[in-house]
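Colleague: Please take one part of this model and go through it closely. I would like to hear about the strand pairing, and then whatever connects to it.

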Amino acid sequence: MILLQKLVIEIINFFDQNVKNASERDVVDRLKTVPLRHENFVSLKVKKIPKERALEKALSTISGSSLKNIRGCIYKAYSEMHWNIDSGLFYEKDSGIGQQYLNGNMHAEFIGPENGAFKSDELRLGLFLLEPNIFYPDHKHEAPELYLNLTNGTEWRFEGMRWQEKDSGSIIYNEPFCVHAMKTNRLPFLSVWCWPNNSTKKCIVVPQRP
Ligand SMILES: [Fe+2]
């Protein structure tokens with residue numbers, strides 16, 4: 001528990017120092033209300049990490065001093081995390097999200113209603129990984145969303161506009177139902193992700209060309 005608790009505290013510290021607007025601040029304030037205590041912790045059974053090589057590669061590329069503490073905590077804690085592949089869990093059946101995404105993603109929840117180590121009825125906080133050369137199609141969801149890009153090299157687009165590369169250490173806030181897509185290139189993508197509310201609602205694919 002201690003390792004995950006430390007990691008969540010480092011994530012909160014980073015957001016506290018770096019979020020810029022009221023919407024982002026609101027997510028962080030909600031995050032701070034989750035009790036990081038024994039009574040609220042479930043020790044999840046550790047299983048094989050599905051995409052361990054990509055995870056180790058991603059971690060090895062994080063170099064910024066501002067992410068040093070988060071990176072260090074992830075290194076210590078990742079083998080104790082409950083990693084899952086999203087095989088459609090967050091999407092309706094036949095959503096059109098595509099095999100590239102389904103085969104190339106992995107996530108672990110530190111906080112969450114079902115799979116989180118620390119329990120919250122609504123809020124989810126975790127790590128999200130994409131393998132190299134994956135197009136994660138344009139999609140939207142009711143939950144507002146805060147991302148912290150830990151790695152370099154991933155491109156994002158919002159509302160179908162041009163692709164833009166986001167640097168390691170950058171924070172992205174998606175308003176509810178804002179359409180967004182990502183694509184990785186030669187490096188895997190590793191990020192912290194948070195849905196503060198409406199986190200059990202499914203994502204909707206918005207088909208567009210890569
Ligand atoms: Fe999203």
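Modeller: Two strands pair if DSSP finds at least two bridges between them. Strands (E, at least two residues) and helices (H or I, at least four) are DSSP runs, numbered from the N terminus. This is a predicted model: local features need pLDDT of at least 70, side-chain atom pairs count only at pLDDT 80 or more, and totals for chains, interfaces and linings use all residues. Residues are numbered from 1 along each chain as its sequence is written.

Start with strand S5 (residues 135-140) and strand S10 (residues 180-183). Three bridges pair them, in the antiparallel sense. Histidine 139 has histidine 180 in S10 as its bridge partner. Both strands belong to an open sheet of five, ordered S8-S7-S10-S5-S12, with antiparallel pairing. Its edges are S8 (164-166) and S12 (204-205), each pairing on one side only.

Now strand S4 (124-130). Six bridges join S4 to S2 (residues 105-112), and the two run antiparallel. There, glutamate 109 stands opposite glycine 126. Seven bridges join S4 to S11, again antiparallel. Leucine 129 stands opposite leucine 190 in S11. Six of the seven residues of S4 are buried. Buried means 20 or more other C-beta atoms within 10 Å of the residue's own; exposed means 12 or fewer; in between is partly exposed; C-beta atoms are placed from the backbone.

The buried residues of H3 are Ala54, Leu55 and Ala58. They lie on the same side of H3, because their arc around the axis is only 100°, taken from the directions from the helix axis to the C-beta atoms. What covers them includes S4 and S11 (189-195). The face turned away carries exposed Arg53 and Ser60.

Notes. Contact = placed C-beta atoms within 7 Å.
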